[in-house]
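Hello,

Here is the structure I promised to hand over. My notes on it follow below.

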Amino acid sequence: MVKLTRDQLVKKLADQGLSLSRIELHCDSACTIEDALWNYRDLGHYNVVHSGAGSILYNPVQGDALSYLLFKSWLSLPLLIMANSYALDERTLLHFSAWLYFVIVVETRFEELPGGCRVTSGYDIAAPRAIRFLLPLVKLLLRRNHRALMQDDLPMRSRRAQLRQWGFRYDYDGAERLSEATLDLSGCHVVAPSGPCASASILVGGLSPQGGEAWVGRDDHLGLRLVRRESRLLIFPRLCRHEGASLDAAPCVGGAVSCPWHGRAQGPIAELPLDAGEEMTARTPWHRLSLSGGILRVSPTEDGRG
């Protein structure tokens, strides 16, 4: 597959007699280049995290190349944007799209900074000369769109940076991972550090029967989210093992929580009755759970896992 560079694409557009204008937008974050690249290549999060920006239908072409349709609403009318994207090298992504009378070429570059990385997106906008007076408006819309996307994406990168500080890693670290692979939501890619959970005792009998909640530990693989449903205590993880999202704020609907990044449903890892009248126990890979007298006692398993 021939991959045209930004300069080659811009030259072809200029040769067609189109007017061109360019802007560069920067975004610095305290994450690794690897995690910023993951954020850009992760296709599964767009329709969940960026649901307000529209929806995307993907078609993997070859290797890391994709073509896709972006469905947006503009002036209360449906707007279809056709686009293609691919990697030029390990730290440069390129995509180009066409909508209405405009063509937009975006080159995204990733560079290391002390304690983080910088992502620079260069936008080249092409339009027929007769409507080149609209180019400043398109640039304004692109700035707003970039700002909205970063408001959604930066917390994802910060979360991954936090997990790495806690000793987590991902099973694909150091390997090339194509965008197509990110559409598989069934995998568990988070690799947790070793170590047992801490012991704890939590009064759960006083929780509201209509969804009262309590938390154990922090939002990692050892943390627990407790949700009361009438006389049942549902016990959920606080971390999604798919890509590491925190599940603390995910709504509990129908006895399950949905990952805020990819929408993957997570059922309870344990369930205990509150009205049994005797001690009830359960286990997870890391926890031993004992419920009696409205108090949940949490202790580590013998080897800290299983």
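**Sheets first**

R288 stands opposite S299, a residue of β20. Keep in mind that this is a predicted model. The strands involved are β19 (residues 287-292) and β20 (residues 295-300), which run antiparallel and are joined by six bridges. Both belong to an open sheet of four strands, ordered β10-β20-β19-β18, with antiparallel pairing. At its edges are β10 (200-203) and β18 (280-283), each pairing on one side only. From one strand to the next, the twist averages 20 degrees.

There is another open sheet of four strands. Its order is β11-β12-β13-β17, and the pairing is antiparallel. β11 (210-216) and β17 (270-273) are the edge strands; each has a single partner strand, so one side of each is left without a neighbour in the sheet. The twist here averages 20 degrees from one strand to the next. Inside this sheet, β12 (residues 224-229) and β13 (residues 232-237) pair antiparallel over six bridges. V227 has L234 of β13 as its bridge partner.

**The cores**

The largest nonpolar core holds 26 residues. Y58, F102, I104, Y123, I125, V138 and L142 have the most contacts inside it. Several elements give it two or more residues, among them β1 (19-29), β4 (77-89), β7 (116-127) and α4 (135-165). The largest share, five residues, comes from α4. What does L142 touch, leaving aside its neighbours within four places in sequence? L142 is in contact with I23, L25, I104, Y123 and I125. Another core, of 20 residues, lies apart from this one; W38, L163, C259 and W261 are among its members.

**Helices**

α4 deserves a check on its length. Its 31 residues should span 45 Å at 1.5 Å a residue, and the end C-alpha atoms are 43 Å apart, which agrees. The helix is bent, though: by about 30 degrees at Q151. A proline, P155, follows within four residues. After α4 comes G167, with a positive phi near 100 degrees.

Then there is α2 (residues 33-41). Why call this helix largely enclosed by the rest of the structure? Because seven of its nine residues are buried, with under 20% relative accessible area as the cut-off. The buried ones are I33, D35, A36, L37, W38, N39 and R41.

Over to you.

Note on methods:
Residues numbered from 1 in each chain as written. Predicted model: local features only at pLDDT ≥ 70, side-chain atom pairs only at ≥ 80, totals over all residues. Heavy atoms only, no water. Core = buried A, V, L, I, M, F, W, Y, C linked by side-chain atoms within 4.5 Å. Buried < 20%, exposed > 50% of the residue type's maximum accessible area, 1.4 Å probe, protein only. Contact = heavy atoms within 4.5 Å. Expected span 1.5 Å × (residues − 1). Bend = angle between axes of the 7 residues up to and from the residue. Pairing = 2+ DSSP bridges. Axes fitted to C-alpha atoms, helices over the stretch in contact; angles between N-to-C directions.
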